[in-house]
Amino acid sequence: MYRYAGQSLRSTGRRSFSQSACRRSYADTIQNLLIHKDTRVLCQGLTGKTGTFHVKEALAYGTNMVGGVSPKKAGQTHLGLPIFGSVREAVKETRPDASILYVPPPTAADAIIEAIENEIGLIVCVTEGIPQADEIRVMNALQSQSRSRLVGPNCPGVINPLGCKMGIQPGHIHNLAKLVWIVSRSGTLTYEAVAQTTDVGLGQSLCVGIGGDPFPGTQHIDVIKVFLEDPNTEGIVIIGEIGGSMEEEAAEYLEKYNKTRTLPKPVVGFIAGRTAPPGRRMGHAGAIISGGKGAASDKVSALERAGVIVTDSPAKIGSEMLKAMKAAGLV
C-alpha cells in the first residue's frame, strides 16, 4: 500500500484528494491540531522498536490509542492493540481522529500519503532524514486536499497534558496550571520551554513541535492562528531558529492580530542559532542562512515589532513568561 500510494502520486502528478464544502483548502485543517484526551489515535509502525517504546509511553500517559498498522503483522495484537495490514483497514475498523508515524525515512512519505488518502484528520510524523524530494510529494498531496493536517516531519510531536501524547516528548514535565501554548521548530527547546514554564508554576494547554525540515506540514503561523482564538490559552511561547521565513510570517500575524487587541496575549520568544555563520547548516536541514535570508537578527527584530518578548537564552523563557503574565494581570 505504501509503495502503491507513492507510485500513484508520481505517475499522475498532483493527485485529487478530498475536499468538502466547509473545508476548502489545506489551511482550513488547522483546527485538527486541537487534540484532547478523547482523540482516537492510530500508530503507523507500531510493532517496531521505536513505535513500541513510544506507544507504551503514550498509553501510560492516558492516550486513547486504538490500533496500529504493520503490513507484515496484520491480524496480531501488540501492546493490547489490534494490528492492521493497511491504513484503509484500520480506519474502517477503528475510526481514528489522528495517526502517529514511527516509520523509517525510505517509506515515511508513502505512509503519510496513505494516511492522507484515508482522510485521517491529524498526521504526526517524527521521522528524521526523509528525502526532500519525498517531502515535496507530501506537500503537493497536502495542498490538494482539505481533510488532513500534517505536523512534521522531523518533529517531537503534539501533546495535550490532559492526556493525549502523540510523539516522543517526556510527558512528566508537562503541567496543567495557568495555560501556555508552545510552538517550536526544535524538539529539545520545546522540552526546555515546557520545563521552564512548569518550574515557575505555569502549565501548558498544547505543545506543538513543528520540526526543523525545509518542508514542514505545519508552520508557526498555522499554530499561532489557533492559539490566538483559544479562550483558555493565556500566553504563548514561540521558539524558532535560523533559516527560512516562518518566524517573520508568524511575527507579522501577531503584530496584526495580537498586538492590536485591547488585551494582547503575552508572547515570549527565543531564536536559536544567533552565532551560526551564513551558509553553514545548524542541526536541522532547514536551519541555514542562505541568500541573505533567515538570519537570527531579522527574526528577532520582526518578533519584537510584534510585541514579543524575545529572550537571549532559553533558560529565561519561564521567568519572562511569568513576568509578562503578571504584567497582564493573569497571575
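# A tour of the helices

The chain has ten helices and 14 strands. What is open in the viewer is a predicted model. Of its 331 residues, 57% count as buried. Taking contacts between residues at least 6 apart in sequence, 77% join residues at least 24 apart.

**Stop 1: helix α3**

Select residues 87–94, which form helix α3. Colour Val87, Ala90 and Thr94: these residues of α3 are buried. They cover an arc of only 60° around the axis, so they sit on the same side of α3. An α-helix has 3.6 residues a turn, so residues three or four places apart point the same way.

Now turn to the other side of α3 and select Arg88, Lys92 and Glu93, which are exposed. What covers the buried residues of α3? The cover includes the strands β1 (40–44), β2 (64–69) and β4 (81–84), together with the helix α4 (105–117). Before leaving, select Arg95, which follows α3 and has a positive phi, near 50°.

**Stop 2**

Two packed helices are described by the angle between their axes and the distance between the axes.

To show the contact, select Pro106, Ala109, Asp110, Ile112, Ile113 and Ile116 on α4. On α5, select Asp134, Arg137, Val138, Ala141 and Leu142. The residues of this contact of α4 with α5 divide into eight nonpolar, no polar and three charged.

**Stop 3: helices α7 and α8**

Next, select helix α7 (residues 220–229) and helix α8 (residues 246–257). At what angle do the axes of α7 and α8 cross? They cross at roughly 25° and come within 8 Å. That angle makes α7 roughly parallel to α8. The crossing of α7 and α8 is right-handed.

The α7 side of the contact is made by His220, Ile221, Ile224, Lys225 and Leu228. On the α8 side, select Met246, Glu247, Glu249, Ala250, Tyr253, Leu254 and Tyr257. The residues in this contact of α7 with α8 divide into eight nonpolar, one polar and three charged. Leave Glu247 of α8 displayed for the next stop.

**Stop 4: Leu303 in helix α9**

Go to helix α9, residues 296–305, and pick out Leu303. Is Leu303 buried or exposed? Its relative accessibility is 0%, so Leu303 counts as buried. Draw a distance from Leu303 to Glu247: the two are 56 residues apart in sequence and 7.6 Å apart in space, C-alpha to C-alpha.

Leaving out residues up to four places away in sequence, Leu303 touches Ile238, Glu247, Ala251, Ile271, Val308 and Val310. Show their side chains to see what surrounds Leu303.

**Stop 5: Gly318 in helix α10**

Finish at helix α10, residues 317–327, and select Gly318. Gly318 counts as buried because its relative accessibility is 0%. Which residues does Gly318 touch, not counting those up to four places away in sequence? They are Gln196, Thr197 and Val200. Draw one more distance, from Gly318 to Thr197: C-alpha to C-alpha they are 4.3 Å apart in space, yet 121 residues apart in sequence.

Technical notes: Residues numbered from 1 in each chain as written. Predicted model: local features only at pLDDT ≥ 70, side-chain atom pairs only at ≥ 80, totals over all residues. Heavy atoms only, no water. Buried < 20%, exposed > 50% of the residue type's maximum accessible area, 1.4 Å probe, protein only. Helix = DSSP H or I, 4+ residues; strand = E, 2+ residues; numbered from the N terminus. Arc of directions from axis to C-beta. Contact = heavy atoms within 4.5 Å. Axes fitted to C-alpha atoms, helices over the stretch in contact; angles between N-to-C directions. Parallel < 35°, antiparallel > 145°, perpendicular 65-115°, else oblique. Left-handed = near helix turned anticlockwise from the far one by under 90°. Nonpolar A, V, L, I, M, F, W, Y, C, P; charged D, E, K, R; others polar.
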